[in-house]
Amino acid sequence: MKVRPLADRVMVKLEKNEAKTAGGIIIPDTAQEKTQQGKVVAVGPGTEKDPITVKAGDKVMYDKYAGTQIKIDGEEHLVLKMTDIIAVVE
């Protein structure tokens with residue numbers, strides 16, 4: 001399935017942030033209080049008010065509760081507004 005974001009939306013492929021304690025217990029994403037990261041896979045054309053400043057392939061940081069989660073071909077993605085992106089990781 002192909003999905004193309006509209007207006008000032010960006011589609012990000014989620015990265016798994018599993019952490020392990022010293023005792024070997026795995027802490028799932030839902031229990032972590034970290035800023036989330038992902039890789040931009042598609043961008044909309046932007047608007048005059050909110051131009052798109054990232055491109056496909058950029059690694060970005062975004063707030064934990066931003067956007068709408070979707071599943072495409074079995075993989076988790078997030079569609080969020082350009083303004084929900086906090087930073088580009090270089």
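1. Helices (H or I, at least four residues) and strands (E, at least two) are DSSP runs, numbered from the N terminus. On that basis the chain has zero helices and eight strands, and its pattern, read along the sequence, is β-β-β-β-β-β-β-β.

2. A word on the basis of this note: the model is predicted, so that local features need pLDDT of at least 70 and side-chain atom pairs count only at pLDDT 80 or more, whereas totals for chains, interfaces and linings use all residues. Residues are numbered from 1 along each chain as its sequence is written, and side-chain values use heavy atoms, with hydrogens and water left out.

3. Taken along the principal axes, the C-alpha atoms of the chain fill a box of roughly 50 × 30 × 20 Å. Of the 90 residues of the chain, 27% count as buried, where buried means under 20% relative accessible area, exposed means over 50%, and partly exposed lies in between (1.4 Å probe, protein chains only). The chain exposes about 6100 Å², of which carbon and sulfur atoms supply 52%; such areas come from the Shrake-Rupley method with a 1.4 Å probe.

4. With contact meaning heavy atoms within 4.5 Å, residues 24 or more positions apart account for 63% of the contacts in the chain that have a separation of 6 or more.

5. Leu 80, leaving aside its neighbours within four places in sequence, is in contact with Asp 8, Arg 9, Val 10, Val 12, Tyr 62, Gly 67 and Ile 85.

6. Asp 58 deserves a separate look. Its place is in the loop between strand 4 (36-43) and strand 5, and Asp 58 counts as buried because its relative accessible area is 13%. A polar atom of the Asp 58 side chain lies 3.1 Å from the backbone nitrogen of Lys 55. Leaving aside neighbours within four places in sequence, Asp 58 is in contact with Gly 38, Lys 39, Val 40 and Val 88.

7. Pro 51 is also found in the loop between strand 4 and strand 5, and at 45% relative accessibility Pro 51 counts as partly exposed. The C-alpha atoms of Pro 51 and Thr 83 are separated by 9.5 Å, with the two residues 32 apart along the chain. Ile 26, in strand 3 (residues 26-27), is partly exposed as well, with a relative accessible area of 47%. From Ile 26 to Val 41 the C-alpha distance is 28 Å, for residues 15 apart in sequence.

8. Most residues other than glycine have a negative phi. Ala 7, which is not a glycine, has a positive phi of about 50 degrees; Ala 7 is found in the segment before strand 1 and is partly exposed, with a relative accessible area of 34%. Phi of Asp 73 is likewise positive, near 50 degrees, and Asp 73 lies in the loop between strand 6 (68-72) and strand 7, where Asp 73 is exposed, with a relative accessible area of 64%.

Key:
A polar contact is a pair of N or O atoms within 3.5 Å; within protein, one must be able to donate a hydrogen and the other to accept it, and residues adjacent in sequence count only if both atoms are side-chain atoms.
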